[in-house]
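Morning, everyone. Let's look at the model together, and then I'll go through a few contacts.

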Amino acid sequence: MAGSIFKDKVVVITGASSGIGRELAYQLAEQGAWLSLAARNEERLSAVAGECQVRGGRAIAIVTDVSEQAQCAQLIQRTMDHYDRIDMLVNNAGITMWANFEDVSDVGFFEQIMRVNYLGSVYCTYYALPFLKKTKGQIIGISSLAGRNGIPKRSGYAASKHAMVGFFDTLRIEIAEYGIGVTMIYPGFVATETRKRALGADGKPIGKSSVREDEVMSAERCAKLIIQAAATRKRELVMTWRGKVGLWVKLIAPGVVDRVAKKAIIEGR
């Protein structure tokens, strides 16, 4: 896209092989961005990188498990080796769960959720920060409404997203003097493959979605809103009217918000 602020900007996107990350890659490629794409699935990641090049961007695929600190360091170093700078880091990789806490048979998978959703963001940000200082760049954290309010059946996920929010809200204050922007994104339900890979009570993928995927926000729409927020370096973006109203209502009637959250899970939208 002629005149896009993302033209020739180097953008690192984690969780780029599907869902929101893939759509972000496609839309940024159409605006001429230079992309460093990270995910665990090499075949799907390479396919996304190839499509990005077709759409007018530059792209490299770097197989990365963000739960591993050394692999996050490698992701950032290989990006620098290839492009020699980083303008934006999008911390998007994540996993979720779908089970009441009392039904969990082995709580060990909570650590896995925390390592991917929270520590993965910490690791990537840690290694990218020195280079973002040089470009007065930007950090995008893809959180969730679950990062602002408890959500039934997603206790471990909500905890990891709350941790992510606390980290980036603190970091924003610490690095403001360097001209680095920190934008937090709070989507509601988005139609992606993530919920089919959600971990059940036994810590294994449930293989199906409990959400009415055809009635929730598309990944394309979500990515578009994220890019708009990034372009204006917004502090945060709460995507749904229900989420925006809920944050206000929570201040005066938190019980109402709890009931709304429970109803949303039951209805799957």
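Start with two helices, H4 and H5. On the H4 side, the residues in contact are Phe-110, Ile-113, Met-114, Asn-117, Tyr-118, Ser-121, Val-122, Thr-125 and Leu-129. They meet Ser-155, Gly-156, Tyr-157, Ala-159, Ser-160, Lys-161, Ala-163, Met-164, Phe-167, Phe-168, Leu-171 and Ile-175 of H5. Contact here means heavy atoms within 4.5 Å. By class, that contact has 14 nonpolar, 6 polar and 1 charged residues. Nonpolar covers Ala, Val, Leu, Ile, Met, Phe, Trp, Tyr, Cys and Pro; charged covers Asp, Glu, Lys and Arg; the others, Gly among them, are polar.

Before going on, the ground rules. This is a predicted model, where local features need pLDDT of at least 70, side-chain atom pairs count only at pLDDT 80 or more, and totals for chains, interfaces and linings use all residues. Residues are numbered from 1 along each chain as its sequence is written, and side-chain values use heavy atoms, with hydrogens and water left out.

Now the geometry. H4 runs over residues 109-135 and H5 over residues 155-175. Helices are DSSP runs of H or I, at least four residues, numbered from the N terminus. H4 and H5 pack at about 20°, with axes 7 Å apart. Axes are lines fitted to C-alpha atoms over the stretch in contact, and angles run from 0 to 180 degrees between N-to-C directions. So H4 is roughly parallel to H5, a label for angles under 35 degrees. Their crossing is right-handed: the near helix is turned clockwise from the far one by less than a right angle.

Next pair. H1 (residues 19-30) and H2 (residues 42-54) pack at about 20°, with axes 8 Å apart. That makes H1 roughly parallel to H2. H1 passes H2 in a right-handed crossing. Arg-22, Ala-25, Tyr-26 and Ala-29 of H1 touch Val-48, Glu-51 and Cys-52 of H2.

On to cysteines. How many disulfides are there? The count is 0, taking a disulfide as two cysteine sulfur atoms within 2.5 Å. The sulfur of Cys-72 has its closest cysteine sulfur in Cys-124, at 3.6 Å, too far for a bond. Cys-72 is buried, at 0% relative accessibility; buried means under 20% relative accessible area, with a 1.4 Å probe and protein chains only. Cys-124 is buried too, at 0%.

Last, Ile-266, in helix H8 (residues 254-267). Ile-266 counts as exposed, at 66% relative accessibility, where the cut-off is over 50%. Its C-alpha is 9.2 Å from that of Pro-152, 114 residues apart along the chain.

Definitions and conventions
Parallel < 35°, antiparallel > 145°, perpendicular 65-115°, else oblique.
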